[in-house]
Amino acid sequence: MSTGFFDGIEKLQFEGRDSQNELAFKHYNPDEMILGKRAEEHLRFAVAYWHSFAWEGHDPFGGPTFQRPWHPQDDMGRAKMKADVAFEMFELLGVPYFCWHDADVRPEQGNYADNVSTLDEITDYMMGKMESSGIGLLWGTANMFSDRRWMSGASTNPDPDIFAFAAATVKSCMDATHKMGGQNYVLWGGREGYETLLNTDLGKELDHMGRFLNMVVEYKHKIGFKGQILVEPKPQEPSKHQYDYDAATCIGFLRKYGLENEVKLNLEQGHAILAGHSFEHEIATAAAEGLLGSIDMNRNDYQSGWDTDQFPNNVPEVALAYYHILKAGGLGSGGTNFDAKLRRQSLDPIDLITGHAGGMDICARGLQAAAAMVDDGGLEKQLSDRYVKWDNEYAQKMLDGSYDLSDIAAYVRKTDLRPEPVSGRQERLENYVNRFV
Ligand code: XUL
Ligand code: CO
């Protein structure tokens with residue numbers, strides 16, 4: 001039985017780029033074959049429960065603007081109504097996946113045992129809907145940043161009672177994710193960081209976080225969870241300094257605590273921007289280490305310096321992101337999660353639908369352009385040309401340990417080496433990319 005929330009809106013269809021219908025896809029055709037695989041299987045779209053159904057429209061200066069029928073979210077009846085509406089939206093959009101935090105789907109009860117039993121109850125309820133709709137869980141995660149108990153961190157809290165509460169909370173969320181057949185389990189370190197070193201022992205907190213993540217991996221194997229464990233880098237907000245600053249920082253952390261073969265990265269466009277990187281930089285950094293897990297797709301406002309979590313709308317940026325994803329072999333069991341929210345003035349149910357539909361179309365265009373660049377091979381060719389001299393015997397000897405610095409100096413002297421710089425061709429390459437986007 002329909003909730004009536006999206007009354008008058010039918011399941012969106014692909015109508016092609018000439019369509020004037022705002023409730024149709026112009027570019028996203030799930031069945032389009034791209035490099036031998038259906039678009040839906042490349043993109044693996046997911047809706048983020050929190051932005052569309054839990055966030056009520058607050059900003060630092062004002063309260064809720066949305067006033068949905070399932071607000072306030074303090075009881076299980078309304079949590080079920082929220083799930084009913086959420087699944088209606090997933091089906092209207094035709095997305096294969098969704099993602100949740102515990103706090104998005106059940107009311108906060110103030111104590112562990114009740115939080116677990118309401119999480120169990122609501123996730124059972126959602127599983128009924130997953131079964132009838134065929135929609136899967138891309139990932140689950142624990143919200144360990146909203147409630148005041150987490151104000152000084154979760155696994156990095158100075159109080160071991162909070163560390164314990166966090167461990168127990170993650171266990172319950174991993175259990176629920178496993179039960180629902182989730183493909184991944186994500187840990188974003190919301191308040192795993194600090195405001196001031198005056199009250200923070202940074203080395204101790206990092207060691208605690210390393211032990212915590214090792215316990216997560218041990219528990220995954222104990223329960224036989226086959227999904228990937230992912231950490232999500234972000235440099236700041238809410239903490240002034242976050243330990244999971246960016247992909248490179250996370251990779252160093254994973255190596256230090258022996259987790260590089262167990263944990264991959266969930267990379268978010270907006271977080272890359274906050275860290276002073278492009279999204280493709282973060283993707284390429286993870287991919288170079290074999291640690292690309294999944295992506296959170298949004299865009300950040302380039303002027304405000306906040307994590308504005310807007311739906312993507314920049315095809316050239318998205319195209320370069322998917323280009324590096326394709327080069328890395330695709331998203332695997334990860335996906336494209338819209339960690340994106342409406343602007344707080346976008347009050348209508350149709351705004352939720354068109355926000356996601358537009359994001360899906362932008363991603364489809366980005367993927368098409370990325371695939372065309374892969375197919376054409378122009379970027380790949382210029383890379384191999386640029387590095388071709390490394391195939392020379394002497395160049396290989398510099399890398400394989402045959403030569404030390406003095407051997408190299410002797411070679412340079414003997415051959416009277418006078419290197420000539422060659423053009424990096426950036427503008428020509430930017431023009432090349434422009435042909436595809
Ligand atoms: C916050 C953020 C989170 C994580 C999941 O910036 O991106 O929504 O994706 O906790
Ligand atoms: Co995110």
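Which strands close into a barrel, and in what order? Select the eight strands S5-S6-S7-S8-S10-S12-S13-S14: in that order they form the barrel, with parallel pairing. Strands (E, at least two residues) and helices (H or I, at least four) are DSSP runs numbered from the N terminus, and two strands pair if DSSP finds at least two bridges between them. From one strand to the next, the twist averages 30°.

A quick note: this is a predicted model, where local features need pLDDT of at least 70, side-chain atom pairs count only at pLDDT 80 or more, and totals for chains, interfaces and linings use all residues. Residues are numbered from 1 along each chain as written, chains are lettered from A and ligands numbered from 1 in written order, and side-chain values use heavy atoms, without hydrogens and water.

Next, pick S5 (residues 45–48) and S6 (residues 97–101), which pair in the parallel sense over three bridges. Find Val-47: Phe-98 in S6 stands opposite.

Now show H3 (residues 76–93) and H5 (residues 112–133), whose axes come within 11 Å and cross at roughly 25°. Axes are lines fitted to C-alpha atoms, for helices over the stretch in contact, and angles run from 0 to 180 degrees between N-to-C directions. H3 and H5 are therefore roughly parallel (angles under 35 degrees). Residues making the contact (heavy atoms within 4.5 Å) include Phe-87 of H3 and Tyr-125 of H5.

Last stop: H7 (residues 202–223) lies across S8, S10 and S12, running at about 155° to S10.

Terms used
Angles under 35 degrees count as roughly parallel, over 145 as roughly antiparallel, 65 to 115 as roughly perpendicular and the rest as oblique.
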